[in-house]
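Have the sequence and the 3D view open as you go.

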Amino acid sequence: MFKRDQLILKGDTPGSTIELPFYRVGPANAPEKVYLQAALHADEQPGTMVLHHLLPLLKQADEQDLLRARFTIVPMANPPGMNNLVHRTHIGRYDLNTGVNYNRQWPDLFAMIRSHLAGRLSDSESFNVNLIRKTISGWIDAQQPRSTAEQLRLFLLREAHDAEFVLDLHCDTDSLPYIYTSPELMPELQDLADWMGAAAVMTAADSGGGSFDEVLPLLYRKVAQANPGKPVPMASATATLEYRGIADVHDEYGEQDALRLFGFLAGRGLIDAETGPRPEPRCEATPFEATDIVRVDRPGMVAYRVDLGQHVTKGQPIADLIALDGPEAFLARTPILAGTDGIVLSRLVRKYVARGESIMKIVGNTPLQARKGYLLED
Ligand SMILES: [Zn+2]
């Protein structure tokens with residue numbers, strides 16, 4: 001099966017509806033499911049480009065009867081966010097009306113279903129996974145969305161909740177490719193990192209932000225904690241895949257990245273295809289607390305001293321902040337120092353920064369004192 005489907009979202013304003021096209025691919029009765037979405041942050045097109053190139057590969061594999069899983073592919077997961085054009089700038093990260101970051105504040109599903117699950121888990125792992133999925137599905141059915149945003153989130157959760165693999169494709173502003181995932185899923189997903197060519201895999205059980213990729217691991221973790229002695233696996237391998245920087249939308253990248261994803265899926269037996277050897281690892285997973293998010297303590301203009309991928313040492317100047325105000329405006333340069341030994345993973349594409357903004361991620365190995373509680377950049 002290779003089928004275009006669509007969801008019609010009811011707009012919040014008079015006369016508006018929004019179309020969300022997506023694809024279902026592969027045998028509908030396949031035991032495993034793969035869910036891929038891109039552009040939940042609506043201004044992040046690299047993932048959409050990857051899925052644009054992956055879809056024909058899946059179509060061809062389907063025609064050759066090689067798919068061993070059913071796939072749901074949502075290349076543009078946030079059509080309402082595509083509407084957020086303001087004075088020729090696309091504000092794709094936040095809901096313009098509510099200010100909510102589209103990849104934050106996703107629900108704690110355990111809180112929603114804990115009373116329905118109480119006392120019902122068995123000693124069978126597969127029974128428990130089915131029960132959890134059925135209960136989630138029932139909870140989603142019972143919801144009455146009060147906004148376009150809620151309707152969208154419920155739809156994406158419905159499509160993702162029963163998938164064994166849930167990959168959420170994003171990008172940074174200027175960056176190497178990398179992955180966010182849950183600690184329990186590593187090194188299990190090292191093959192995904194290798195196939196992707198990830199320069200870093202950063203793990204956090206709870207980033208504090210309620211990101212989409214944390215919803216299902218959080219659910220299974222909490223069900224397991226609440227039911228000691230009952231087998232509850234991490235039944236969904238979920239990850240956020242960051243496909244470089246926001247301007248890195250090219251066929252060359254998209255084609256290669258799609259082939260690599262295809263390779264990962266084939267390596268897992270989800271596609272019956274030969275793809276050559278698994279690429280050598282570029283990194284090992286590190287706790288997200290070990291990544292230094294370098295922030296500035298005053299406004300200025302950034303001049304970077306180091307490139308992406310460069311190894312830096314703690315205390316090394318990684319950029320200068322050029323003063324834009326005060327007695328030494330346009331003369332003074334304040335060095336910004338690395339807070340850890342590590343690899344320069346990302347920089348900010350915009351070079352004017354306000355006080356408190358983050359300008360770089362440096363991936364180290366050792367958790368940093370200051371990195372507690374809310375771990376994300378915004
Ligand atoms: Zn994003």
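**Zinc site and helix packing**

Along the chain, the donors of the zinc ion are spaced as H-x2-E-x125-H; donors are N, O and S atoms within 2.8 Å of the metal (3.2 Å for Na, K and Ca), and since water is not among the atoms, sites may look incomplete. This is a predicted model, in which local features need pLDDT of at least 70, side-chain atom pairs count only at pLDDT 80 or more, and totals for chains, interfaces and linings use all residues. Residues are numbered from 1 along each chain as its sequence is written, and side-chain values use heavy atoms, with hydrogens and water left out.

**The zinc ion**
- His 41 (ND1), Glu 44 (OE), Glu 44 (OE) and His 170 (ND1) are its protein donors, at 2.0 to 2.4 Å.
- Glu 44 lies in the loop between strand E3 (32-38) and helix H1 (46-63), and His 170 lies in strand E7 (residues 165-170), 126 residues apart; helices (H or I, at least four residues) and strands (E, at least two) are DSSP runs, numbered from the N terminus.
- Glu 44 is buried at a relative accessible area of 4%, and His 170 is buried at 2%; buried means under 20% relative accessible area, exposed over 50%, partly exposed in between (1.4 Å probe, protein chains only).

**Helix H6**
- Among the buried residues of H6 are Leu 219, Tyr 220 and Arg 221.
- The buried residues of H6 pack against helices H2 (109-117), H3 (125-142) and H4 (148-161), and against strands E7 and E11 (237-242).

**Ile 136**
- Ile 136 sits in helix H3 and is buried, at 1% relative accessibility.
- Beyond its neighbours within four places in sequence, Ile 136 is in contact (heavy atoms within 4.5 Å) with Leu 109, Ile 113, His 161 and Leu 219.
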